[in-house]
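Me: I would like to learn how to read this model step by step. Could you take me through it?

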Amino acid sequence: MREALDQWDFVIAAYAIGVGGTLATVTWSWLAMVRAEARSRKARGR
Amino acid sequence: MHGFANPTRFLRLARWLTPLCLGLGLLLTAGALGWGLFVVPPDRLMGETVRILFLHVPFAWLGMGGWTGIALSSLAYLVWRHPLAALSARGIAVPGAVFTALCLITGSIWGRPTWGTWWVWDGRLTSMLVLFFLYMAYIALAQAAAREGVSARIPAIFGLLGAINIPIINRSVVWWNSLHQPPSITMGKSAIDAAFLVPLLISTLGFSLLFGGIVLARMRALLAETQAEARLRRKALELEPAV
């Protein structure tokens, strides 16, 4: 007997994970860069 | 190329290139994924699941492209000893690992409705999993080398040796029997219909710009951390009383 699979469930899951993972990496790398550059400026001024 | 190995010149360029890559990348990716989700027709064989193509293929290409970048940067570091080359390899490692993981996850999700299984231990999937483990090992090795203050030569040699896996991934579907389809796009040829090919190329360009933006942001963060640490160390030495 064949399983009844809704193909859209798989498409939505793949898009949620793919887009979520990419956006999380972009946000994390941007925030880490801003923090590191602020720390560097502070170390120069201290 | 040697001119860009100067950190000041690199920062001058990266300051405007980082937001440009990320902004344009977000715009192109959103457009291509929207096109792939709502405009592209379902495929005759794969049905609606063909839409996963617009995520899975760019992730796979950038996962492999990322390691190629690590290998080239490692070679530049070993030959010319440019510290920025070692930094660029470290900058590529995290987004490369993330995109490889996303390729494996989206591929697994695609495999269930099309192959009837989440995973098979065939040449393509296994060599891609090996690439993910190589990225993990590289990140650990490069972080340990930076923390201990030792030369980046060992991670660079590892980066070069790991590149052996790239042609294996590429040729795996030709060399061994696999559930995975053979290459659809080769040099100058494509077996993909234009209705799928155009949004695929745009999404690949968008994800490539995002990848480039993330690498630049990582490099700027690593450079700033190194500079801050060097300044604090210098100041601590100046404050230390002479014996």
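Reply: Gladly. Let's begin with burial: a residue is buried if 20 or more other C-beta atoms lie within 10 Å of its own, exposed if 12 or fewer, and partly exposed in between, with C-beta atoms placed from the backbone. A:V34 has 14 C-beta neighbours inside 10 Å, so A:V34 counts as partly exposed. Keep in mind that this is a predicted model, where local features need pLDDT of at least 70, side-chain atom pairs count only at pLDDT 80 or more, and totals for chains, interfaces and linings use all residues. Residues are numbered from 1 along each chain as its sequence is written, while chains are lettered from A and ligands numbered from 1 in the order in which they are written.

Me: Which helix holds A:V34?

Reply: Helices (H or I, at least four residues) and strands (E, at least two) are DSSP runs, numbered from the N terminus. A:V34 belongs to helix α1 of chain A, and chain A comes to one helix and zero strands. Of the 46 residues in chain A, 22% are buried.

Me: How many Å does helix α1 of chain B reach from its first C-alpha to its last?

Reply: The expected span of a helix is 1.5 Å times one less than its number of residues. Helix α1 of chain B (residues 7-38) has 32 residues and reaches 44 Å, close to the expected 46 Å. A bend is the angle between axes fitted to the seven residues ending at a residue and the seven starting there; α1(B) has a kink of about 35 degrees, centred on B:A14.

Me: What do the buried residues of α1(B) pack against?

Reply: Contact here requires C-beta atoms, placed from the backbone, within 7 Å. The buried residues of α1(B), including B:F10, B:A14 and B:T18, pack against α1 (7-45) of chain A and against α2 (53-80), α3 (83-115) and α7 (194-239) of chain B.

Me: What about B:R81: where is its place?

Reply: B:R81 is in the loop between α2 and α3 of chain B. Although not a glycine, B:R81 has a positive phi of about 60 degrees. B:R81 counts as partly exposed because it has 13 C-beta neighbours inside 10 Å.

Technical notes. Contact = placed C-beta atoms within 7 Å.
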